[in-house]
Amino acid sequence: MLLLLGALTSAARVVVNWDVGYVQVNRDGSGSRRAIGVNGALPIPPVFAAKGDTLMLNVHNSLDVSTSIHAHGIFQNGTNYMDGPAMVTQCGIPPGHNFTYEYVTDHAGTFWLHGHDHSQNSDGLRTPLVVHDSKKPYHYDNDYLLSLEDWFQFEIADRLKNSLDPTQTFPPPPNYPYSLLNGYPTAPSFQFKPGRTYRIRVINMSTTEWFQFNLPGHQMHVIEADGEYSQPSAVDGLDLSPGQRYSVLVTAHPTDSHNYHYNATQYAIFDPKLEGRNPRYYQGLIEYRKGAPIMSTAEPQNFKWVNDIELCALSGNSPLPVDRKIELSLGLYQFTTGQTFNTINNITYAPPKVPSLYSTLSLDAPLYTNEAVYGLQTHAIVLKHLEHIELVIKNPSALLHPMHLHGHAFQIIEYGSIVNQSEPVLRYSAKCNAPMQRDTFVVPVNHYVKLRFRADNPGVWLLHCHMDVHFGMGMALTFIEAPDLLHQRLKVPDSMLELCRAQGIRTEGNGAGNAGFNLTGLPAPPTIKP
C-alpha cells in the first residue's frame, strides 16, 4: 500500500517505542535471511511529526551488539548528543539496555531514521521520518510517501569482511540486490482524483544503489530536496543517490478516463549491467478509476532529469561569502596491510576510544581546538563559530560518492571536471541567485563539487559517504564546530554517559581516553602502499 499522509493535528510530544532486534525475513522472495527489525517485524512503520513537536524515540536493544539511531537531515541544534553516530556523539546502546532519543523536530521536510552503529541501516534498521509544516508554502490536496531500498541477500558484516579481507579479490563480485518499495518487493499504487494536486515524497534509503523515478503522462515540479524547499522546477524524472530525498507536486488530469503507470528503476553504474538485475525495473499504477484502461505514454523528446545545481532555494538566500576554504580529496587505496580502504585526504577514518563530542567537552581550552588530540584517524577539522566555509571536494577515484553532512545543509555552488578543462563548469542558477541547499550530494567520478555552509550549529558533525560499505571502509571525517561554545552551552545527559560506562568506554580525555597529546592505546594508522 502506498502511504497516504493526511493532515496531522499538532501535538507537543510524539512517542515512538522501538524494540530493536533480529528478525528472520524473506523480504524479496529470494530466500530467508537474518535482518534487523523493530518490535519483531520489518518493514518499520514510518514516523510522522509536525514542525515544533518533540519526538521521543524509546529504544530497547535486543541485539547482541550495540545500536544507535540517527535522524538523517534533522540538524539537532542544541541537542548534538542526540545525533546518533556511535563513537562520534554517543556510545552505542549496549545489548539489553534502553535509551530515549528526545529532540524537537524544528525543521519541516522529508527525512529518515536509520541505524548508525555497525552499519545496521543496511540490515533493515531504517524508516522514513516526515515532519509536516503547518504553514506549507505550496498547496496540495494529499501527501504521498514512497521509500526506496536495496536489499541484499547477505548481511553488511559479511560484505564488509569480504571488502576488507586482503586474501580476497578486490573489489568483490557484485551482489545485485533486490529492491523494496515502501518495504515490499512490489510497486504500490497511487490513487489520483481528477484535478487534484499531490505531493509525492521520494526517499532513497538504500545501502549502495541509485533509484530513478518518473510518472509518464504527468508533469512533476520539484519543491523540496533533503528537507529544503525549492522554487517549483518542472522535471520529467528524479535521480536519487543513497540518502537523498525529493518532493514533487503533481496535478492529476481533469478526467478519470484512463489510469497510468509510474516507473521506479534501481541501478548501479559501478557494477556491470545484467539483464533483470542491473538495472531492475518496477512499475506501479496511478489509479484514477478502478478498471479504467491504461494510457500508453511516450517519454518526452527532451527528457529532463532533476539537477540540484539548477534548483533555486525558496528562501532566496544569496551565495554565502567565504571566510575559509577547505579542500578534500576522496580516494581508494591499498594499504601496506594488504587491505583496501577508502580515504579523505589520504586518511581512512576509524572511530576513537572516546566519543569525539565527549573529548571536546572534557578537554580544556585551548586543547580542544587542537585537531591532533582527537586522533589521526578521527580526521578532526575544527571550525570557528559563524565562519563561512567553502568545501571543495574532489573525486579522482573510479566510483562516485554520495556524501552526507550531519548538522547542516550545504549551498550547492558548482560542479566541474578535474580532468577535462574543456568541459563546462556548472554553477548555481544566476536567474535566482539563490543556490539550492541539501544535506546529501553526489561527487561524480573525476569531478569536484563546491559547497558552502555557515558554521552556526555548534557540535561534532560527521561528513561521510552514504554508501555504507564505503563508510565502513573509512570514507569519513569529523567537524568539531565551535568547541568553545559547546563548553558553554551543552551538557550531555547522564543517561548517555551511562551507555558508555556499561561497556567500559571512557567518557573523558582525548581520542585515546588519555590526557593531553598522549594517544597511547589508539592503533597505529595504516600506511598507503607505495
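Let me begin with strand β8, where Gly109, Phe111, Leu113 and Gly115 point one way and Thr110, Trp112 and His114 point the other way, and all of them are buried, a word that stands for under 20% relative accessible area, with exposed meaning over 50% and partly exposed in between, for a 1.4 Å probe and protein chains only. In a regular strand the side chains alternate between the two faces of the sheet. Seven of the seven residues of β8 (residues 109-115) are buried, so this strand is largely enclosed by the rest of the structure.

Before I go on, please keep in mind that this is a predicted model, in which local features need pLDDT of at least 70 and side-chain atom pairs count only at pLDDT 80 or more, while totals for chains, interfaces and linings use all residues. Residues are numbered from 1 along each chain as its sequence is written, and side-chain values use heavy atoms, with hydrogens and water left out.

Which sheet does β8 belong to? It is part of an open sheet of four strands in the order β4-β9-β8-β6, with mixed pairing. Strands here are DSSP runs of E with at least two residues, helices are runs of H or I with at least four residues, and both are numbered from the N terminus; two strands pair if DSSP finds at least two bridges between them. Strands of a sheet pair through backbone hydrogen bonds, either parallel or antiparallel. In this sheet β4 (47-50) and β6 stand at the edges with a single partner strand each, so one side of each is left without a neighbour in the sheet. The twist from one strand to the next averages 20°, where axes are lines fitted to C-alpha atoms, for helices over the stretch in contact, and angles run from 0 to 180 degrees between N-to-C directions.

Let us walk through the pairings of this sheet. β6 and β8 are antiparallel and share four bridges, and across that pairing Ile69 stands opposite Gly115 in β8. β8 is joined to β9 by six bridges, again running antiparallel, and here Trp112 stands opposite Pro128 in β9. β4 and β9 (residues 126-132), by contrast, run parallel and are joined by four bridges, with Val131 in β9 as the bridge partner of Ala49.

There is another open sheet to look at, with four strands in the order β3-β2-β5-β7 and mixed pairing. Its edges are β3 (33-38) and β7 (98-104), each with a single partner strand, so one side of each is left without a neighbour in the sheet. Within it, β2 (residues 13-25) pairs with β3 in the antiparallel sense over six bridges, and Val20 has Val38 in β3 as its bridge partner.

Leaving aside neighbours within four places in sequence, Thr89 is in contact (heavy atoms within 4.5 Å) with several residues, among them Asn80, Tyr81, Leu357 and Met496.

My last topic is the aromatic rings. A pair of aromatic rings is described by the distance of the centres and the angle of the planes. Rings of Phe, Tyr and Trp (its six-membered ring) pair if their centres lie within 6.5 Å, and planes under 30 degrees apart count as stacked, over 60 as edge-to-face and the rest as tilted. By this rule the count comes to 17 aromatic pairs. In one of them, Phe190 and Phe213 have ring centres 6.3 Å apart and planes at 35°, so the pair is tilted. This pair links distant parts of the chain, with Phe190 in β12 (residues 190-191) and Phe213 in β14 (residues 210-214), 23 residues apart, and both of these residues are buried. Phe335 and Phe341, on the other hand, have centres 5.3 Å apart and planes at 85°, so that pair is edge-to-face; Phe335 is buried with a relative accessible area of 1%, and Phe341 counts as buried at 13%. Finally, one aromatic cluster includes Tyr144, Phe190, Phe213 and Tyr288.
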